[in-house]
Amino acid sequence: MSILQEGDVVGFAATSSGLEGRDPTPAINYFEKVLNLRVKLAPNLNKAYRYMAGTDEERAQALTRMYEDKEIKAIFTIRGAGGSFRMLSLLDYNIIKKNSKPLFGLSDVSSVQNAILAKTNNSCYTGFLPLYNINQDGINKEMAEHLKKTLFSDTNHLQSGTSVIEGETKGKIIGGCLSSFLYLAGTQYLPDFKDKILLLEDKGEKTFNVDLKFSQIKQLKNFDKLKGIILGQFTNCPVIDDFDGTIDDCIDDFVKELKIPVIKNFDYGHIQNSHLIPLGIPIKMRATQKECTLIW
């Protein structure tokens, strides 16, 4: 069954940074005039506390209320930037669990999405932010197709990336932005890795930092019980010194001893044509030399 129907109400939330002078009108108009949805705005979008859309309490309360609102069928975080992790202990996970609806986001939002997976098993979707993907010039054509299909299709089939380790598997995806996901390490908000497919991307990290973060990921509980790994785009990740290695070098070291399917260069992450990928929903993953696919 599709996530939404035409005429449904969606919420625009700010779990990280807020508008900070940015105009949300193009995104609102796209949702209402092109997608034929109605948009409700969280009360904290224009608030500011340091780099965030209001205090931790204000952001947590605004998101919880959107889950509580029976009219809202899906929630879209407007931006990433920073701050989601700070409010995790203030969310009402009982309300979120009782009012299951998908939370869409990317980047810093990965921390709150995975916390919701860990605490409630509610599904989320990663790969889209209204203020990042929609502006005065419109929306990338491929992204428009990805978004519409994700929202309104009963089934989805994504083909992208290249195979590092071939194979087929099934499982629920966890993860998202590597840096934001690692904030959860050692907390109650990190999803269990057992029987999961791990999805990772990042932006603006030096390659030696990506390498070290991959090493940390491998130390987390039940890493050896993962069913598969999907590596998206690592955009603007510079090589500072030649011996630091490229992203491909980091990936090769990360997965070289694994016996599970691994895909790299998947069209997902801080890019304008990113696929939207479900978190917490059973999917089929196939990695072959001919094609790499996700089906749900």
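The side chains of Arg22 and Glu20 come together in a salt bridge, with N and O 3.4 Å apart. Keep in mind as you look around that this is a predicted model. Across the whole structure, a search turns up 14 salt bridges but 0 disulfides. Let's take a tour, beginning with the charged pairs.

**Salt bridges around Glu20**

- Both partners in the opening pair are partly exposed: Arg22 has a relative accessible area of 41%, and Glu20 has one of 47%.
- Glu20 also meets the side chain of Arg79 in a salt bridge, at 3.1 Å from N to O.
- This second pair links distant parts of the chain, since its residues are 59 apart: Arg79 sits in the loop between strand S3 (72–77) and helix H3 (93–98), and Glu20 in the loop between strand S1 (9–13) and H1.
- Is Arg79 buried or exposed? Arg79 counts as buried, at 13% relative accessibility, because the cut-off for buried is under 20%.

**Other salt bridges**

- Asp224 pairs with Lys225, and their closest N and O atoms are 3.9 Å apart. That still counts as a salt bridge because the limit is 4 Å.
- Asp224 is exposed, with a relative accessible area of 63%, whereas Lys225 is partly exposed at 36%.
- Four residues, Arg38, Lys40, Asp69 and Glu71, are joined in a network of salt bridges.

**The largest pocket**

- The largest pocket holds about 370 Å³ of space.
- Its lining is made up of 23 residues, and those closest to the centre are Arg79, Gly80, Ala81, Leu129 and Tyr132.
- Which elements give two or more residues to the lining? They are helix H1 (25–34), helix H5 (130–133), strand S6 (134–135), helix H7 (178–182) and strand S11 (196–203).
- Sorted by class, the lining has 9 nonpolar, 7 polar and 7 charged residues.

- A disulfide is a covalent bond between the sulfur atoms of two cysteines.

Terms used:
Residues numbered from 1 in each chain as written. Predicted model: local features only at pLDDT ≥ 70, side-chain atom pairs only at ≥ 80, totals over all residues. Heavy atoms only, no water. 1 Å grid on protein atoms, 1.4 Å probe; cavity = no way out; pocket = protein on both sides within 12 Å on 5 of 7 lines; lining within 4 Å. Points joined across faces, edges and corners; volume = space filled by probe spheres on them. Helix = DSSP H or I, 4+ residues; strand = E, 2+ residues; numbered from the N terminus. Nonpolar A, V, L, I, M, F, W, Y, C, P; charged D, E, K, R; others polar. Disulfide = S-S within 2.5 Å. Buried < 20%, exposed > 50% of the residue type's maximum accessible area, 1.4 Å probe, protein only.
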